Amino acid sequence: MFGLGDLSLTYLASTTLVSLYVSTVAVVLSAAVGLPISLAVGFNDFYGKSAVTSVISTGMGFPSVVVGLVVLLALSQSGPLGSFDLLFTPEAMIISQTILALPVLVSISLSAVQSVPQDRRDAAFAAGGTSTDVALLVVREARYGIVTALLAAYGRAISEVGSVLIVGGNIVFSDSTSFTRTLTTAITVEARRGNVETGIALGAILLTLVLAVNALGARFRDRTPGGRAR
Amino acid sequence: MTARGGTWDDSGSERPVPGGNQTGIRLAARNLSHGFEDGAVLEDISLAVEPGEVLAVVGPSGTGKTTLFRLLALFEPPTDGTVEVDGDDVWELSEARRLAVRRRVGMAFQSRSLFSATVEANVSYGLRVRRSWGTRVRDAVGRALGQNGPSETVIEALQTVGLGDKIDRDAASLSAGEAQRVAIARALAPDPDVLLLDEPTSNLDPRNTAAIESAMRAARARGIAVALATHDMQQARRVSDRTAVLLDGACIESGPTDRVFDSPTDDRVRRFVDGKLVY
């Protein structure tokens, strides 16, 4: 551990790891739930589809502290999920981040799926594709939009403060190892304490992570035929 | 390319069944009517496309040619009447047998319909979806590792439309004419028995039009039954053996192309051929 005021490698590393762990698992869960929802809504016409789409879009603007409060009540001892004893754990933070990331992911990926022209679906069908083949073709055609949805969901999750503060408790052990403290909640704490250097270091790490994730998305887009803008 | 014909394989695979009909298939519409919520589009259409011929379905825009071709390509069942292959009502067949029928019919559309991928990936699509999932995964891994090159079938289909040198190009970088030719190569690659071309040369320059007409003739020479929807009367005359004239959703005349053009029995056809019937 090297010291520079309150700045310690253990603190930075563990806080970063908690952020990555919580956000990554939340986005994976959001994708596992959200992508099938996007495909189901995107492929089918049904009564009330526009209402469903509106609800999903509205979810993108959920206030994170309200989500945190609801998850807190659900996970508290007297709440319906209290028996799982998850409150003030990384898993509680994953739940709240999943709820926040899900509408972002569904809304953007749904838009991507719906934007695939009908004539490409027709071409896949006419080429002998089954309904499964056509669905896979649509996912492939919408891949850049779906990657954008994943990136946006990741951005929403990793930059989240309010709900993870409420359900995670912002806990750090006495040896400076983070348990439920993320980069964002750590910045809040360090700024309040006047530890500007630590706050800046944490902010730089957060920005680097976000940039790295977006760079990966851009690299995917540019290396695939049809992906580069013309 | 495989030999023409074969009987329907329940698996829907590309493999022709040994001992089947080796002379191709006859795709027919019998008393076909179709409508949407806002009214009837097709009324009592009966026509057939035979192996080794080009049938031109001509008529003004909006007269139901695309709807007819979508019904022949089995996108949906007709409101009334039947789509028949070698005399069998296709919509009475099991789903697996209908898929097998569908996989012997190729179609290219008027609109730009290439996938966001390379030319090779577009043309090989019809071949890939006919393979088992295990083979598809092995092929995908092989491609990712750079072990699989383009198949001879794909190269041959592209050569048929004069684009053998474009195989590695990104489909998005093609001109409209080249894209339409790739779409036809995609329809030809699985070696269909029937090829449906819906206004394949509308808005294309003479060079691309000539290339597509050459591909039609090559398909006919291979014994493929080619149906061409067009509002270009001169093109119908150049490439087709028989012509059916659609007007207001009804087939008002059909027969050998020379006879339909030179001595039509219906006065509306005469005026349409002469360019005096304007829609």
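Predicted model: local features only at pLDDT ≥ 70, side-chain atom pairs only at ≥ 80, totals over all residues.

Biologist: Start with chain A. How many helices and strands?
Modeller: Chain A has 10 helices and 2 strands. The order from the N terminus is β-β-α-α-α-α-α-α-α-α-α-α.

Biologist: What box do the C-alpha atoms of chain A fill?
Modeller: Roughly 65 × 45 × 25 Å, along the principal axes.

Biologist: And what share of chain A is buried?
Modeller: Buried residues are 47% of the 230 residues. The accessible surface of chain A is about 11000 Å², and 68% of that belongs to carbon and sulfur atoms.

Biologist: What about contacts in chain A, how many join residues at least 24 apart?
Modeller: Counting contacts between residues at least 6 apart in sequence, 72% join residues at least 24 apart.

Biologist: Charges next. How far apart are the mean positions of the positive and negative ones in chain A?
Modeller: They are 9 Å apart, for 14 positive and 13 negative charges.

Biologist: Which residues make a nonpolar surface patch?
Modeller: Val65(A), Val66(A) and Val70(A) make one of about 240 Å². Val70(A) sits in helix α3 of chain A, residues 64-75.

Biologist: Now α5 of chain A. Why is that helix largely enclosed?
Modeller: Because 7 of its 9 residues are buried; helix α5 of chain A covers residues 118-126.

Biologist: Which residues of α5(A) are buried?
Modeller: Asp119(A), Arg121(A), Asp122(A), Ala123(A), Ala124(A), Phe125(A) and Ala126(A). Just past α5(A), Gly128(A) has a positive phi of about 105 degrees.

Biologist: Back one helix. Where is Ser107(A), and is it buried or exposed?
Modeller: Ser107(A) is in helix α4 of chain A, residues 90-114. Its relative accessibility is 14%, so Ser107(A) counts as buried.

Biologist: What is Ser107(A) in contact with?
Modeller: Leaving aside neighbours within four places in sequence, Ser107(A) is in contact with Ile56(A), Ser57(A) and Met60(A).

Biologist: On to chain B. What phi does Asp44(B) have?
Modeller: A positive one, about 55 degrees, although Asp44(B) is not a glycine. Asp44(B) is in strand β2 of chain B, residues 39-49.

Biologist: Why flag a positive phi at all?
Modeller: Because most residues other than glycine have a negative phi. Asp86(B) is also flagged: its phi is positive, about 50 degrees, and it is not a glycine.

Biologist: Where does Asp86(B) lie?
Modeller: In the loop between β4 (80-85) and β5 (88-89) of chain B. Asp86(B) has 40% relative accessibility, so it counts as partly exposed.

Biologist: Which residues form a negative surface patch?
Modeller: Glu43(B), Asp44(B), Asp80(B) and Asp248(B).

Biologist: Is Asp248(B) buried or exposed?
Modeller: Exposed, with a relative accessible area of 54%. Asp248(B) is in the loop between β9 (242-247) and β10 (250-256) of chain B.

Biologist: Last one, Thr257(B). Buried or exposed?
Modeller: Thr257(B) is buried, with a relative accessible area of 2%. It lies in helix α10 of chain B, residues 257-262.

Biologist: And what is Thr257(B) in contact with?
Modeller: Apart from neighbours within four places in sequence, Thr257(B) is in contact with Ala236(B), Arg237(B), Ser240(B), Asp241(B), Arg242(B) and Thr243(B).

How values were computed: Residues numbered from 1 in each chain as written. Chains lettered and ligands numbered in written order. Heavy atoms only, no water. Helix = DSSP H or I, 4+ residues; strand = E, 2+ residues; numbered from the N terminus. Buried < 20%, exposed > 50% of the residue type's maximum accessible area, 1.4 Å probe, protein only. Contact = heavy atoms within 4.5 Å. Areas by Shrake-Rupley, 256 points an atom, 1.4 Å probe, with all protein chains shown as cover. Lys, Arg positive; Asp, Glu negative; His and termini not counted. Charge placed at Lys NZ, Arg CZ, Asp CG, Glu CD. Patch = residues over 30% accessible without salt bridge, like charges linked within 9 Å, V, L, I, M, F, W, Y side chains within 5 Å. Salt bridge = Lys/Arg side-chain N within 4 Å of Asp/Glu carboxyl O.
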